[in-house]
Amino acid sequence: METAVVENGKNTGIKLAHLAAKAVEGKMLAEDLVEVGKRKAQRLIRKGYEAGEDYMDESKRYIKHHPWQSVGVALGVGLTLGFLSGFLSRGRN
């Protein structure tokens, strides 16, 4: 088994200190990126929630102004889903 001889210990120590400083810098950069990502995700969630509320308000307004059309659409969607689920379950047997 060969052993490595350190000829210039001072230079090696400086390189190790430099690498340690770079590692700390990388860690800080990674933490900053995670924080930025978290803020962006929270902003997107908030925008999605607000958009969902807007759609709910528009849906309520539409249903109040067009009740029979709303019933017709709901009936059509229900019948379509019912026929589709019946057709798919019949195909499996």
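Which residues gather in a patch of negative charge on the surface? They are E50, E53, D54, D57 and E58. The model is predicted: local features need pLDDT of at least 70 and side-chain atom pairs count only at pLDDT 80 or more, while totals for chains, interfaces and linings use all residues. Residues are numbered from 1 along each chain as its sequence is written, and side-chain values use heavy atoms, with hydrogens and water left out.

Patches consist of residues with over 30% relative accessible area and no salt bridge, like charges being joined within 9 Å and nonpolar side chains (Val, Leu, Ile, Met, Phe, Trp, Tyr) within 5 Å. A salt bridge is a side-chain nitrogen of Lys or Arg within 4 Å of a carboxyl oxygen of Asp or Glu.

D57 lies in helix α1 (helices are DSSP runs of H or I, at least four residues, numbered from the N terminus). With a relative accessible area of 41%, D57 is partly exposed; buried means under 20%, exposed over 50%, and partly exposed in between, with a 1.4 Å probe and protein chains only.

Helix α1 spans residues 9–65 and also holds R43. R43 belongs to a positive surface patch with R39, K40, R46 and K47, and is partly exposed at 40% relative accessible area.

Helix α2 covers residues 67–92 and includes V73. Leaving aside residues up to four places away in sequence, S70 touches Y62 and I63 (heavy atoms within 4.5 Å).

Conventions: Helices (H or I, at least four residues) and strands (E, at least two) are DSSP runs, numbered from the N terminus. Accessible areas come from the Shrake-Rupley method with a 1.4 Å probe; for residues, only the protein chains shown count as cover. Lys and Arg count as positive and Asp and Glu as negative; His and the chain ends are not counted. The place of a charge is taken as NZ of Lys, CZ of Arg, CG of Asp or CD of Glu.
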